[in-house]
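Subject: Structure for your review

Dear colleague,

Please find below the structure that I am handing over to you. A summary of the findings follows it.

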Number of protein chains: 2
Amino acid sequence: MATTLHDVAVLAKVSIKTVSNVVNGYPYIKDSTKTRVLEAIAALGYQPNLTARGLRLGRTGVIGLAVPELRLSYFAELADAVIRAADRRGISVQIEQTNGDRDRELDLVTSPRRQLTDGLIFSPLGLGNEDAALLAVGYPLVVLGERIFDAPADHVTMRNVEAAAAATRRLLAAGRTRIAVIGAHEGEVYGSAALRIRGYREALQEAGLPVDPALIRHSDMWHRANGATTVRGLLETGVPFDAVFGLNDTLALGAIRALQAAGVRVPEDVSVVGFDNLDESEYSHPSLSTIDAGRDEIADTAVRLLLERIAETGPKAPPRRVEADFRLIERESIGAAADADHPFNRQDPPA
Amino acid sequence: MATTLHDVAVLAKVSIKTVSNVVNGYPYIKDSTKTRVLEAIAALGYQPNLTARGLRLGRTGVIGLAVPELRLSYFAELADAVIRAADRRGISVQIEQTNGDRDRELDLVTSPRRQLTDGLIFSPLGLGNEDAALLAVGYPLVVLGERIFDAPADHVTMRNVEAAAAATRRLLAAGRTRIAVIGAHEGEVYGSAALRIRGYREALQEAGLPVDPALIRHSDMWHRANGATTVRGLLETGVPFDAVFGLNDTLALGAIRALQAAGVRVPEDVSVVGFDNLDESEYSHPSLSTIDAGRDEIADTAVRLLLERIAETGPKAPPRRVEADFRLIERESIGAAADADHPFNRQDPPA
DNA sequence: TTGTAAGCGTTATCAC
DNA sequence: GTGATAACGCTTACAA
């Protein structure tokens, strides 16, 4: 069995309280007893039982992180950043996967497992803003993302509209005027897709350009395969376009692949820009221009806010809203002006 | 404050023990009292305090998973699979990142945090087989990977040698004879690199072909950038080659990129094959042929073995070794026979 | 400066 | 069938 405070106390010939004082750095201890206790601790290899401490203190030193799935690179990189941010503060992280399933997300928020963590960082996907009230939970909660804005909890998010507008403006600056968007979600009002498309529209309108519905392509899932499929569908319509704005990097990478397979050159014929700045986007061929929407800052802020809530005693501060900074990352896929001579760019617009 | 067994007992007018019995499904309870208790539980929204239960039982229902970093796709996908496997069994997972740092790995194994988990699944990278004895820890431990084979703990790994040989044989079958390997590690005896290269050598020797040291290219890190850099270095040497075996998919994807950038066609001029079967390998351009080395099976087996150890009472069974099955996944990058007419394939071998 | 004892919320032992 | 009561290992008033 593991050694306990009691074992150490016996060996050091002091009371259990004194050992506890030493372990917890209580200052007023005679040096002689302190060293005796430390020797006993070393001799026995004593380690405090964190479960017992957790029971007594009502805090475990563990926070939960709930994301759709780690095999989506964005969430893997987010989880990485959250774990690092927590670790810097001596906290460990328990991870839950929701698969973006609404029922699972609901279960998770009320699961007895929450009893084992001091709070939760939650990136919902299945739940929407209409479910905000369901997040009135009895423990510290930080909500991430673009699905729920009105929950009675702290919220850390990115500047989706502004960032998407910046990406679109950059395409316009490269001389692109027929900018396709891939990954739209039917009937969505909040959510990453809706907000980013809002930014896209704003940038076009700002430039006095029409928003052509034929260029807004839907795709519920945001995997590589969907990016490729959606672009193939777009090519089949014959609608001309000279840029693709993938609503995330994965879509954009899939799009590049489909374009190349169809003999369309990136960026000579079609510029491509994504959103998220995944690690791999730097190494695609061509390298992908994208938006760094502040993932690391979001992770760090979320952990900080959560720990502040956990430490909170007495009256609770009202929910806080934080928006991380973003920046446009220019890489090869954004290209210069269109090459008007290439056959792809000479096709006629549809009737 | 959260409600306790005691609160429920008062409301249901029974003893705390009876409530506990109901919660834990003890069979011999009068139906009338049982329903009364269940009603009280529902009325109060009672949830058992898992920390208290953990203290009492000596088990928390949480296992640890230690990997180098989640932003490496392989480990993200592994963590995903481990979490799913644990979840199927009602267990949650706490994740630690080591960055492959030896000291950090050592700290982690003896950290007080282990007190909060019932056992650990550990994928070492900084530690080597010479450190095996350091893994004689006092809690259930399952070691993953190719770094440590002789630890006094269960070990789940993949068939590196056989799988690498299979990949190499397939390249030979496609008519490739000058197969470069990228990602070798200087002086390594165990480890993914060494074992996979052993398989590569075996397949060549089996085919009666020489092993050309000039075709074995080193790279400590296995990121996309390294794959690209290594291949550029190889191209600069002027040594002819007609295939690249990336020791993992990320290297192989980086290699494809560098080849294409240099005007070398994949697979017409150079076949490429990777190792790991990452999700994204299916969507590269061209899609990447690779080895599925049994990641999901490894995750499930690791969780199963760990839980068996946790449940173990009395004498401990000796360490167990498990090797997952693998399979070769053939995609576009492997190609057919070399195109002898392309300029790249007509270059002269170096003196 | 150090010791005693209560209690965190469970489960388990044993009476009744 | 059900109820007291004693741990599990720790922190913390409160004493000394």
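This is a predicted model: local features need pLDDT of at least 70, side-chain atom pairs count only at pLDDT 80 or more; totals for chains, interfaces and linings use all residues.

**Interface between the chains**

One salt bridge joins the side chains of A:Asp87 and B:Arg113, with an N to O distance of 3.2 Å.

Strand β2(A) is joined by three bridges to strand β2 (residues 92–97) of chain B, and the two run antiparallel. Within this pairing, A:Gln94 has B:Gln94 in β2(B) as its bridge partner.

**Strands within chain B**

Strand β4 (residues 141–144) of chain B is paired with two other strands, β3(B) and β5(B). Strand β3 (residues 120–122) of chain B runs parallel to β4(B), with three bridges between them; here B:Phe122 stands opposite B:Val143. The pairing of β4(B) with strand β5 (residues 154–158) of chain B is likewise parallel and has three bridges, with B:Leu144 opposite B:Val156.

Where do the side chains of β4(B) point? B:Leu141 and B:Val143 point one way, B:Val142 and B:Leu144 point the other way, and all are buried. In a regular strand, side chains alternate between the two faces of the sheet.

**Salt bridges**

Over all chains, the whole structure holds 60 salt bridges. In one of them, A:Asp300 pairs with A:Arg88, and the closest N and O atoms are 2.5 Å apart. This pair links distant parts of the chain, as A:Asp300 lies in helix α11 of chain A and A:Arg88 in helix α5 of chain A, 212 residues apart. A:Asp300 is partly exposed, at a relative accessible area of 22%, whereas A:Arg88 is exposed, at 57%.

A:Arg309 and A:Asp154 form another salt bridge through their side chains, at 2.8 Å from N to O. Here too distant parts of the chain are linked: A:Arg309 is in helix α11 of chain A and A:Asp154 is in strand β5 (residues 154–158) of chain A, 155 residues apart. Are these two residues buried or exposed? A:Arg309 counts as buried because its relative accessible area is 10%, and A:Asp154 counts as buried because its relative accessible area is 1%.

In chain B, the side chains of B:Asp296 and B:Arg295 meet in a salt bridge at 4.0 Å, N to O. B:Asp296 is partly exposed at 46% relative accessibility, while B:Arg295 is buried at 7%. Both residues belong to a network of salt bridges that also includes A:Glu69, A:Arg71, B:Glu77, B:Asp80, B:Arg84 and B:Asp279.

**A buried residue and points on the backbone**

A:Asn160 lies in helix α7 (residues 160–173) of chain A and counts as buried because its relative accessibility is 2%. Leaving aside residues up to four places away in sequence, A:Asn160 touches A:Glu146, A:Ser192, A:Leu195, A:Arg196 and A:Phe275.

Two cis peptide bonds deserve mention:

- The bond from A:Val266 to A:Pro267 is cis, with omega near 5°; A:Pro267 is in the loop between α10 and β9 (271–273) of chain A.
- The bond from B:His285 to B:Pro286 is cis, with omega near 0°; B:Pro286 is in the loop between β9 (271–273) and β10 (290–292) of chain B.

Positive phi values also occur at residues other than glycine:

- B:Lys13 has a phi of about 55°, lies in the loop between α1 (5–12) and α2 (16–23) of chain B, and is exposed at 69% relative accessible area.
- B:Asp276 has a phi near 135°, lies in the loop between β9 and β10 of chain B, and is buried at 7% relative accessible area.

With kind regards

Definitions and conventions. Residues are numbered from 1 along each chain as its sequence is written. Chains are lettered from A and ligands numbered from 1 in the order in which they are written. Side-chain values use heavy atoms; hydrogens and water are left out. Two strands pair if DSSP finds at least two bridges between them. Helices (H or I, at least four residues) and strands (E, at least two) are DSSP runs, numbered from the N terminus. Buried means under 20% relative accessible area, exposed over 50%, partly exposed in between (1.4 Å probe, protein chains only). Contact means heavy atoms within 4.5 Å.
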